[in-house]
Amino acid sequence: MLFRSMTMTNLSPDRTIHDLATNVPGFKEILIDLGFDQLANPVQLNTVGRIMTLRKGSRMKGVELSVISAALAKKGIRLEE
């Protein structure tokens with residue numbers, strides 16, 4: 001019997017939202033589900049997303065990093081503290 005090991009991707013909350021949305025599959029959709037609905041707009045993602053870090057965005061939207069971290073962990077993505 002073969003077992004697939006689940007590898008975790010580690011992310012810094014100080015990376016820009018654009019960088020994470022562009023380079024981490026599923027990241028953008030997870031954040032949209034958490035209320036970051038502006039990310040569905042490509043113009044917003046390409047402008048504000050290039051300067052807004054995940055940490056700053058979470059404060060701005062009022063979504064705790066722990067909530068974001070839990071949602072990302074379900075997809076095998078670990079948010080660094």
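Reader: Which residues does V63 touch, not counting residues up to four places away in sequence?

Author: A contact means heavy atoms within 4.5 Å. By that rule V63 touches L34, F36, S58 and I68, once residues up to four places away in sequence are left out. This is a predicted model, in which local features need pLDDT of at least 70 and side-chain atom pairs count only at pLDDT 80 or more, while totals for chains, interfaces and linings use all residues. Residues are numbered from 1 along each chain as its sequence is written, and side-chain values use heavy atoms, with hydrogens and water left out.

Reader: Where is the place of V63, and is V63 buried or exposed?

Author: Buried means under 20% relative accessible area, exposed over 50%, and partly exposed in between, with a 1.4 Å probe and protein chains only. V63 lies in the loop between α4 and α5. Its relative accessible area is 14%, so V63 is buried.

Reader: Which residues of helix α5 are buried?

Author: Helix α5 covers residues 65-73, and L65, I68, S69, A71 and L72 are its buried residues. Seen down the axis of α5, these fall within an arc of 165°, so they line one face of the helix. The arc is that of the directions from the helix axis to the C-beta atoms. An α-helix has 3.6 residues a turn, so residues three or four places apart point the same way.

Reader: What covers the buried residues of α5?

Author: The cover includes α2 (27-33), α4 (54-61) and β2 (77-79). S69 touches I77 and L79, with residues up to four places away in sequence not counted. I77 is in strand β2 and is buried, with a relative accessible area of 4%. I77 and G26 are 51 residues apart in sequence, and their C-alpha atoms are 9.7 Å apart in space.

Reader: What are the buried residues of α4?

Author: They are L54, G57 and S58. Down the axis of α4 they fall within an arc of 100°, so they too line one face of their helix. That buried set packs against α1, α2, α5 and β2. The face turned away from the buried side carries the exposed residues R59 and M60. Just after α4, G62 takes a positive phi of about 75°.

Reader: In which helix is I17 found, and what is I17 in contact with?

Author: I17 is in helix α1 (residues 17-23). It is buried, with a relative accessible area of 4%. Leaving aside neighbours within four places in sequence, I17 is in contact with F27, L39, L45, G49, M52, T53, L54 and G57. The C-alpha atoms of I17 and V48 are 8.6 Å apart in space, and the two residues are 31 apart in sequence.

Reader: What radius of gyration does the protein have?

Author: The radius of gyration is taken over C-alpha atoms, and the globule rule is 2.2 Å times the number of residues to the power 0.38. For 81 residues a compact globule would have a value near 12 Å, and the protein has 13 Å, which agrees. Along its principal axes the C-alpha trace spans about 45 × 25 × 20 Å.

Reader: How many of the 81 residues count as buried?

Author: The share is 35%. Among contacts between residues at least 6 apart in sequence, 67% join residues at least 24 apart.

Terms used: Helices (H or I, at least four residues) and strands (E, at least two) are DSSP runs, numbered from the N terminus.
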